[in-house]
Structures are given as C-alpha cells and as structure tokens.
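Have a look at the structure first, then read on.

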Amino acid sequence: MPAVGVITYDVTPLQGALANAFLILINALFFHVKFIGHVNQYPEDSSEKLLREDENVFDFIIVGAGAAGCALANRLSEQDQWSVLLIEAGDYPQPSTGVPGLFPTFLDSSTDTWQYTIAKNKQYCQAYKNKQCHILRGKLVGGTSAINNMHYIRGLDDGNKTQMIYECIENHVELDKFNNLDLMCKREIYLEQVFQKSIVRKSMQDAYHSIGFSNNSQKSSIGYGNSYLTIRDGERYHMGRAFLTPLKGRSNFFLAKNTLVEGIVLNDPLDKRAKGVNVTIKNIRLFLQARKELILTAGPINNAKLLLLSGIGPKEYLLKRDIPVMLNMPGVGENLNFHLAVPLFFGLNATQLYEDYTETDLVQDTFDYVVYRSGNFSNVGIHDFVTFMSTDAYPNVPNIAVYHYYFKVGDRMIKTWLEGLQLNQKIVTNILKANEQQTILMFLVTLLRTKSVGQIQLNDTHFHGIPNIVGNFFTDPDGEDFIALTSAISRVANLQDTPPFETIGAQLLDIRVPNCRNYKFCSVHYVKCYVQNMAFPTSDISGSLRRGPECDTSAVVKPDYEVRYIRCLRVCDSSILPNPGLGNTVASDAMMAIDLSEILKKKWIKDYMSPFD
C-alpha cells in the first residue's frame with residue numbers, strides 16, 4: 001500500500017527534460033515540506049515530562065485533541081493560574097495533510113485514523129471489503145478536522161448565544177459581526193471559498209435548477225451552493241492549527257501526544273468525583289490527576305468506550321464482563337447516530353469534457369502547489385459544491401446533502417477514493433474500467449437525520465481494543481431512513497434526463513453491485529438493493545452519551561456538559577448531540593468547547609462575567 005498522502009505515479013513514460021523536471025519538483029516538495037504542516041507549528045510534546053513525573057497534576061485534563069479539545073485547551077489556558085493538559089492518542093499531522101487536494105488519501109490511513117469498522121450484518125454494507133463498512137475518525141492532533149473534506153457547516157444552533165460564539169471564532173469575508181463582541185473575538189477558524197469555475201460545475205447548477213432547486217446563499221437551507229472550507233492561503237487550516245498554534249508560548253499548557261487514556265479514576269464509589277485518568281505512554285502506565293475538572297473530547301466512540309472501561313454504563317452489561325460497576329447508567333453507548341451516504345457514479349460522454357490526467361498534469365500541479373500554493377492541489381475541485389434536499393419526512397428542512405466529485409479520464413484520485421472507501425474489488429474494477437474511457441462524476445447522497453440508532457460496545461476479546469460498533473442501519477420502525485435515501489437517490493439519478501446533463505452526456509453507470517445483479521438496472525427493486533448494499537457511515541457521528549435534562553433518565557450528560565451523578569467529569573463534543581447536524585461536526589464541536597469554557601470560568605473564577613451572557 002502506498003504511503004499516506006501520496007498518489008502513486010508511473011514515471012516510465014517520462015523521458016529527458018520532463019522526467020528531470022518531475023524529479024526536481026518532487027525534491028522541491030520535500031525541501032519545502034517544513035512549510036506544509038511542519039510540527040514546529042504546534043506546541044511541543046510533553047509526554048516525556050509525564051514519564052519523568054516532572055508534571056503529573058493539572059488543574060484541567062482534556063482527553064482528545066480534536067476540534068473540541070483544541071478549542072477548549074485554548075480558552076482554559078488563557079488563565080495563567082490554571083495548568084491545562086491536552087492528551088492525544090495520535091501524533092502530529094503528517095505534512096501532506098496540509099495539502100487540500102490530497103484529502104482523499106487519508107480515507108484509509110492506518111497512521112492517522114482509528115480504523116473503526118461496523119459490526120457485520122447481512123442487511124447492510126455488503127458492497128464493501130469483508131462485507132463491513134468503515135468509519136473515518138482522526139487519530140492525530142486536530143482530530144478528524146485534520147483529515148476530513150474540510151467542509152465547515154454550522155450544526156448545533158439553539159439560539160442567540162450559539163450564534164454569538166460562532167461569529168466569535170469564525171474568520172471569513174462575510175462576517176456578520178456582533179459589534180459589542182468584536183474586540184474580544186479572536187476568530188481563529190479561517191474559512192475560504194475556493195471554488196473554480198468549470199463546465200461541470202455550471203452543468204450541475206443548471207441541472208439542479210431545472211428540477212426546482214435554487215442557489216442557497218445561507219449554506220444550510222434547501223438548495224445548492226459552495227461551502228466554506230477550513231483552508232487558509234492554499235493549506236488546510238484544521239482545528240489543531242487554529243487553536244493550538246497560538247499556545248506555543250504558554251507555559252501553563254501541556255500537550256501529550258501518543259498517549260492513550262485507559263480509564264477514568266473516581267475518588268471513591270460514594271463521592272463520585274472525577275480524580276484523573278490512567279494513561280499509557282510507551283507501554284508505561286501512569287496516573288494523571290485533575291485538580292478541578294476532567295473533560296472528555298475524544299469523540300462519540302472513544303468517549304463511550306472510556307466510560308464503559310471505567311465502570312460507568314449499563315449495570316448488567318458491565319457485570320457480564322466482570323467490570324466493577326461504579327455507576328449504573330443505561331444510556332452509555334446507546335443512541336449512536338450516523339450520517340449515511342450512498343455513492344452514485346455518472347459517466348460523462350461529451351467531447352468537450354474528455355480530459356485525461358497525464359504525467360505532465362501531475363508535474364504542473366506539483367509545481368503550482370509547491371511554489372505558489374495554487375492549482376489543483378490547493379482546493380478540492382467541485383467537492384465544495386453541495387446540494388441540500390428535503391424529503392417527505394422533513395418537508396421544510398434539509399435532511400439530505402449531496403456532495404460531488406469529478407474525475408478526469410485515467411484520474412489517479414478515483415482509485416484512491418474507491419480504495420479508501422474499501423469498496424468490493426469487483427466494483428472498484430468496474431468503475432476504473434469506465435474511467436479509462438470517460439470522465440466520471442461521483443455523487444455522495446447523504447442522509448443527515450437518521451431515525452435508526454446504533455451502539456458502542458466494548459471489544460469482548462480485548463476490552464482496550466477497537467470497540468464493537470453496531471450500526472443498526474435501516475432498523476427504524478417505520479423505515480423512514482430507507483425511504484428517505486431511496487427517494488433522494490431517485491431524484492439524483494433523474495438528473496440524467498435534464499437538458500444540462502444531456503448536453504454533457506451524463507449517464508448513470510451500472511457498477512454491477514454483486515448482490516443486485518438479479519434486478520433490472522435502475523428499477524425500483526434495483527435502487528432498494530443498491531441503497532441497502534452501498535450505504536456507509538461518514539465520519540460524522542453523535543449521540544453515544546446523549547445530553548438531556550436532569551429528569552431524563554436515559555440521558556448521560558446534563559445541560560452543563562457534566563456527566564450525571566459524577567462531579568467534575570464533563571463531555572464536550574458530538575457525543576452529547578442527538579444527531580450530527582447538517583454538515584460535519586467540526587463547527588458544533590468548537591462552538592460547544594467555547595461554551596463549556598465559559599461555564600468553567602464562571603464556576604472556578606469568582607465574579608466572572610461571560611461576554612456571551
């Protein structure tokens with residue numbers, strides 16, 4: 001398997017000056033690698049200090065350096081009197097993660113992701129390797145925001161306060177500034193719209209317009225438009241860069257990478273106050289103490305796993321596994337909610353769209369990016385173009401998002417995509433064969449509001465191993481998830497009959513899904529079979545530690561982010577949300593972190609007044 005972040009290339013057709021130019025450019029890329037996501041951008045690693053026991057007691061310990069963990073660490077360490085430790089199981093991002101156009105190469109990275117899989121079930125995920133779906137979740141500083149598609153779409157929005165927080169952390173040209181907050185807003189999250197005009201983009205806009213959609217200027221309601229991306233000056237600007245780079249000079253902030261948290265320690269069964277965490281660094285176990293608060297920001301899968309490992313969860317479940325029960329909490333690991341996506345492939349037969357991707361193109365793209373941070377590697381092509389749809393279940397709000405990808409003839413990136421999704425090899429071969437002769441459009445039809453819920457369970461073979469993730473896709477009593485996706489798939493497939501798509505010769509490809517060969521292509525039964533086999537979960541998940549009011553016995557977390565019945569233990573990321581929202585969870589995770597930081601300041605600083613109240 002090729003190295004992560006690298007697209008394989010064959011230099012045998014290159015001779016003479018062209019071959020020399022290509023090699024010079026590759027060398028130049030590595031020479032300039034310090035300018036692309038170099039580790040000097042981040043605070044230094046403190047894990048060796050922990051091993052030497054130079055530091056083992058902190059005011060606040062944060063578990064997980066994703067969007068929420070980075071933002072929370074930033075805000076808490078503003079207080080010089082507080083010591084803050086941020087723990088991350090992974091490493092610094094590889095330099096190639098900073099190149100926007102290479103983001104598909106991280107779909108199957110064994111270095112930067114957790115390699116989660118959905119438990120086998122004959123009712124779904126049959127079109128994927130080993131008949132299992134995979135979930136992309138980042139295992140590195142910056143979390144999933146360091147390897148995802150860079151889309152930034154606000155999710156959770158429950159009033160004026162959240163709007164104020166969003167406005168205070170976002171930095172883009174269309175700011176709706178709260179004038180009374182402008183002086184204290186740091187606007188760490190840089191956002192850009194970097195779309196490029198093309199025949200394909202215009203054809204898609206016209207096709208959607210012809211079936212009743214209009215331009216969506218708000219980026220979160222029904223219609224089509226170009227998303228904001230977490231890009232700054234041609235480089236990915238993930239949450240680690242946004243919130244941790246400013247902390248390099250703070251002596252009260254500590255980052256421990258390659259540090260695995262194995263359990264939460266409570267004072268005693270009666271007191272039930274979070275005392276700290278047990279961690280492993282280089283196979284050495286340590287206990288780290290939190291004087292004030294312990295906050296989990298490790299994502300919906302690992303947060304639930306940590307609570308279960310620590311004896312916090314359903315009593316019967318824990319007893320069956322001989323785990324001492326610290327607190328019976330039935331909701332831990334339940335209510336897991338996914339975004340479900342189904343890929344559709346169109347072949348484009350128009351003469352004006354016959355574009356092949358040659359070695360010369362690769363040389364030019366490399367040169368443009370290395371020297372100018374411009375060109376095809378500096379953006380995501382048409383992937384920033386998104387259409388939001390509604391179905392009968394949600395007539396007035398979007399519950400479907402359609403993402404788009406364009407591949408030239410013989411495009412290396414399509415193989416990277418398909419193998420990253422871990423599709424069945426026969427399907428991959430069929431699509432690659434089609435791409436030898438024609439350009440291809442991939443539509444990723446994504447269900448945003450699922451009724452079916454999954455579960456997080458411990459790995460019964462090895463409790464500390466990758467947890468057992470039960471998808472339970474399409475199990476909602478009324479079958480609304482399946483109906484919504486099949487309806488959306490049919491609408492997208494019908495785009496081929498619109499004049500704009502007829503002009504570019506767009507035709508839905510029969511990729512010959514093994515389980516669907518007995519059905520007539522594009523028939524109702526075929527579409528149902530296609531959805532059932534091809535649907536997979538995206539990186540956007542939520543709900544495993546659902547938040548709710550005190551009276552809600554199925555809730556795990558209280559409105560102030562504190563775990564019910566356990567003092568000074570908080571959860572602050574999409575784990576607590578009932579659904580992931582409209583886009584990915586990066587925006588809502590960062591927003592919640594700022595909200596929690598204000599709650600903690602009000603609790604631990606006398607007479608503190610939050611600017612958001």
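**Rings and charges**

Ring pairs join Tyr 208, Phe 213, Tyr 224 and Phe 385 into a cluster. Rings of Phe, Tyr and Trp (its six-membered ring) pair if their centres lie within 6.5 Å; planes under 30 degrees apart are stacked, over 60 edge-to-face, and the rest tilted. This is a predicted model, where local features need pLDDT of at least 70, side-chain atom pairs count only at pLDDT 80 or more, and totals for chains, interfaces and linings use all residues. Residues are numbered from 1 along each chain as its sequence is written, and side-chain values use heavy atoms, with hydrogens and water left out.

**Aromatic pairs**

- The structure holds 20 aromatic pairs.
- Tyr 42 and Tyr 92 are stacked, at 5.5 Å centre to centre with 15 degrees between the planes.
- Phe 346 and Phe 443 make a tilted pair, 5.0 Å centre to centre and 55 degrees between the planes.
- Phe 346 and Phe 443 are both buried, too.

**Charges over rings**

- A charge sits over a ring if NZ of Lys or CZ of Arg is within 6 Å of the ring centre and within 35 degrees of the ring normal.
- Lys 139 lies over the face of Trp 114, 4.7 Å from the ring centre.
- Arg 321 has its charged end over the ring of Tyr 317, at 3.7 Å from the centre.

Key
Buried means under 20% relative accessible area, exposed over 50%, partly exposed in between (1.4 Å probe, protein chains only).
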